[in-house]
Amino acid sequence: MTVVRYERRGPVAVVTMNRPEYRNAQNSAMTYALDEAFYRAVADDEVKVIVLAGEGRHFSAGHDIGTPERDAHVSFERKAVLWWDHVGKEGAESRFARESEVYLGMCRRWREIPKPTIAMVQGACIAGGLMLAWVCDLIVASDDAFFADPVVRMGIPGVEYFAHPWMMPPRIAKEFLYTGDRMPARRAYEVGMVNRVVARDELETETFALADKIAAMPRLGLALTKKAVNQAEDLQGMHAGMDSVFGLHHLAHAHNAETSADSLAGMDPKSMKAAADGS
């Protein structure tokens, strides 16, 4: 079973994360497969819009920190940043190299895709899942979707692609991070993080109706419009802000590695869920 599926629906390319048994947790194999699928969609002149989806009940539970197919120790052909391979390195040298590539680097690469992208979100969109939704231009969420970045429980100030203050107002971003609570789709819509909230059984229909409407626009016009808005965000400090927080993120990893069981403060999916549930 491939970890990412690719299909065409007329002018719309559909890229689907396909690890439903693990709530589409993202191992490196999935990350690079996503990159390959996005590259394929960009290269196809017939594709006008890209939809990112997750198979099963959930969009994505985030980075893979505990499945049997976790592959953080494996080398892949580096594409996002000019950095050495993390494999065979130790400590912060390994962690910084890997996360510069597969997390911050890949997300920035995907944000710059010159075709409109739409995240079709149902169920959980947690931590690393946020990063995938946030790099998309639009987010259509089902009414059962929820969003959360609970990594402050690990002593880490948010995920590697720190878009929080641009995705929602700063005070809401602080609450989102301080509490680690789930933000329901309706609340995400109210704070401007989500474009539309629809009934779960209408999610696919509504998302592709939007994609088809956008696909009727001129390709170059769409690409230039996307670039214009992205540049405006970067002029507001988004790119530089992410760089600075990425450093704080790795300071937290290093602190955890020195003072606890590992760079994640000994947390795993089970303990993270228990903390979220208050048990």
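Colleague: How many nonpolar, polar and charged residues are in the lining of the second largest pocket?
Modeller: There are 17 nonpolar, five polar and five charged residues there. Ala, Val, Leu, Ile, Met, Phe, Trp, Tyr, Cys and Pro count as nonpolar, Asp, Glu, Lys and Arg as charged, and the others, Gly among them, as polar. Keep in mind that this is a predicted model, where local features need pLDDT of at least 70, side-chain atom pairs count only at pLDDT 80 or more, and totals for chains, interfaces and linings use all residues. Residues are numbered from 1 along each chain as its sequence is written, and side-chain values use heavy atoms, with hydrogens and water left out.

Colleague: Where is the centre of the second largest pocket, and what volume does that pocket have?
Modeller: Cys 136, Asp 137, Leu 138, Asn 195 and Val 229 lie nearest its centre, out of 27 lining residues. The volume is about 580 Å³, meaning the space filled by probe spheres set on grid points that are joined across faces, edges and corners.

Colleague: Which element gives the most to the lining of the second largest pocket?
Modeller: That's α8, with seven residues. Helices (H or I, at least four residues) and strands (E, at least two) are DSSP runs, numbered from the N terminus.

Colleague: What makes something a pocket and something else a cavity?
Modeller: Both are found on a 1 Å grid over the protein atoms alone: in a cavity a 1.4 Å probe fits but cannot get out, while a pocket is an open set with protein on both sides within 12 Å along at least five of seven lines. Lining residues have an atom within 4 Å of a point. The largest pocket holds about 1,200 Å³ of space. Its lining has 49 residues, with His 63, Asp 64, Ile 65, Met 154 and Pro 269 nearest the centre. By class, that lining splits into 20 nonpolar, 15 polar and 14 charged residues.

Colleague: How many cavities of 30 Å³ or more does a search of the whole structure find?
Modeller: Three. The largest cavity has a volume of about 90 Å³. Tyr 32, Arg 78, Asp 85, His 86 and Glu 101 are the closest to its centre, among 13 lining residues. Helix α2 provides the largest share of that lining, four residues.

Colleague: Which residues line the second largest cavity?
Modeller: Gln 26, Thr 31, His 63, Val 102, Tyr 103, Cys 107, Trp 110, Met 131 and Leu 132. About 40 Å³ of space lies inside.

Colleague: Which residues of α7 are buried?
Modeller: Leu 203, Thr 207, Phe 208, Leu 210, Ala 211, Ile 214 and Ala 215. They sit on the same side of α7, because they cover an arc of only 155° around the axis; the arc is that of the directions from the helix axis to the C-beta atoms. Buried means under 20% relative accessible area, exposed over 50%, and partly exposed in between (1.4 Å probe, protein chains only). Thr 205 and Lys 213, on the other side of α7, are exposed.

Colleague: How do you know that the span of α7 agrees with what it should be?
Modeller: The expected span of a helix is 1.5 Å times one less than its number of residues. For the 13 residues of α7 (residues 203–215) that gives 18 Å, and the end C-alpha atoms are 18 Å apart, so the two agree.
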